[in-house]
Amino acid sequence: MDYHELLNLSADIGRLLLQNGAEIYRVEESMERIFAAYGVSGQVYCVPTTIIATILTPSGENISKSVRVRSRGTDFDKVMAVNDLCRRVCRETPAFSMIREELSQIPKRPVYSLPLTCLGWALVGSTFSMIFGGNFLDAACAFPIAVVVCLFQYLLNKLEANQFFSLMVESCLIGTLAIVSVKTGLANNSDKVIIGVLMNLVPGIALTNCIRDILAGDLMSGVSKIAEVFLIAVFIALGAAMAVYGAKWILGI
């Protein structure tokens, strides 16, 4: 058996899980179950940005590998696809070439198109504007603002801009457009429009995952994710504050 290839395949599986929003314990357990399925004992240590795995071959040789994860997002379709592959690997122990072939197809799975993503942003923004006490005009104004911000985020992602900088700029854009809409009479409550569209930027899944990691005993990963969530909230608030106080200074609102 090629133990180096087993370790490489398991690390690639863990990296895909971590990149697409899986919990830390899921990454570690998936890799360790694959090791056990092929009759190898191994240990995995995972944090949000790094995976370190070690296996002990029957001859007593230790083989280790570390993987740096630089980008993370949320794509549960890919997480489910990797989970299905892991279960099949543990059940059938197929040839490594077959695993590599199926694994290479998972990143190519289709994602939501840009128009559909913009529609989702618009519906979330307008709906939350009304939930937080806005009227029909506020919801109608939040709809196009959310579309504009979604397109702007798509552009920033293409440019590979820093995540926190992108969130601050997007939040500032939301606040500016909402205040201008109220100033021109298109909406009545800028705060309701702002908070409604900002809900698209709130890291709800990341907050849920960090709590689950802490409950699962992965304290370091949970605390680091909490710090990331806190920073995201700070930069979102900073961008909105820049728009509000900038409008007061420039427009006298």
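How are α5 and α6 oriented to each other? The two helices are oblique to each other, a class that takes in angles that are not under 35 degrees (roughly parallel), not over 145 (roughly antiparallel) and not from 65 to 115 (roughly perpendicular). The model is a predicted one, in which local features need pLDDT of at least 70 and side-chain atom pairs count only at pLDDT 80 or more, while totals for chains, interfaces and linings use all residues. Residues are numbered from 1 along each chain as its sequence is written, and side-chain values use heavy atoms, with hydrogens and water left out.

**Confidence**

- The mean pLDDT of the protein is 89, and 99% of its residues reach 70 or more, where pLDDT is the predictor's confidence in each residue, from 0 to 100.
- Confidence is lowest in helix α9 (residues 204-215), with a mean of 83, and highest in α5, at 94; helices (H or I, at least four residues) and strands (E, at least two) are DSSP runs, numbered from the N terminus.

**The α5 and α6 packing**

- α5 and α6 pack at an angle of about 140°, and their axes are 7 Å apart; axes are lines fitted to C-alpha atoms, for helices over the stretch in contact, and angles run from 0 to 180 degrees between N-to-C directions.
- The contact, meaning heavy atoms within 4.5 Å, involves residues of α5 including Leu114, Trp121 and Met130, and residues of α6 including Asp138, Phe143 and Tyr154.
- α5 passes α6 in a right-handed crossing, the term for a near helix turned clockwise from the far one by less than a right angle, with anticlockwise giving left-handed.

**The sheet**

- An open sheet is formed by 3 strands in the order β1-β2-β3, with antiparallel pairing, and two strands pair if DSSP finds at least two bridges between them.
- The edge strands are β1 and β3, each of which pairs on one side only, and the twist averages 10° from one strand to the next.
- Strand β1 (residues 41-47) pairs with β2 over 7 bridges, Gln43 stands opposite Thr54 in β2, and a hairpin of 2 residues joins β1 to β2.
- β2 also pairs with strand β3 (residues 62-68) over 7 bridges, and Leu56 has Asn62 in β3 as its bridge partner.
- The hairpin of β2 and β3 has 5 residues between the strands, and in this hairpin Gly60 takes a positive phi near 90°.
- In a regular strand the side chains alternate between the two faces of the sheet.
- In strand β2 (residues 50-56), Ile51, Ala53 and Ile55 make up the covered face, whereas Thr50, Ile52, Thr54 and Leu56 make up the uncovered one.
- Helix α2 (residues 24-37) lies across β1 and β2 and runs at about 160° to β1.

**Buried positions in the helices**

- Helix α8 (residues 190-198) has as its buried residues Lys192, Val193, Ile194, Gly196, Val197 and Leu198, where buried means under 20% relative accessible area, exposed over 50% and partly exposed in between (1.4 Å probe, protein chains only).
- These buried residues of α8 pack against α5 (114-131), α6 (136-158), α7 (163-183) and α10 (219-250).
- Ser221, placed in helix α10, is buried with a relative accessible area of 2%.
- Apart from neighbours within four places in sequence, Ser221 is in contact with Ile24, Cys46, Val47, Pro48 and Asp213.
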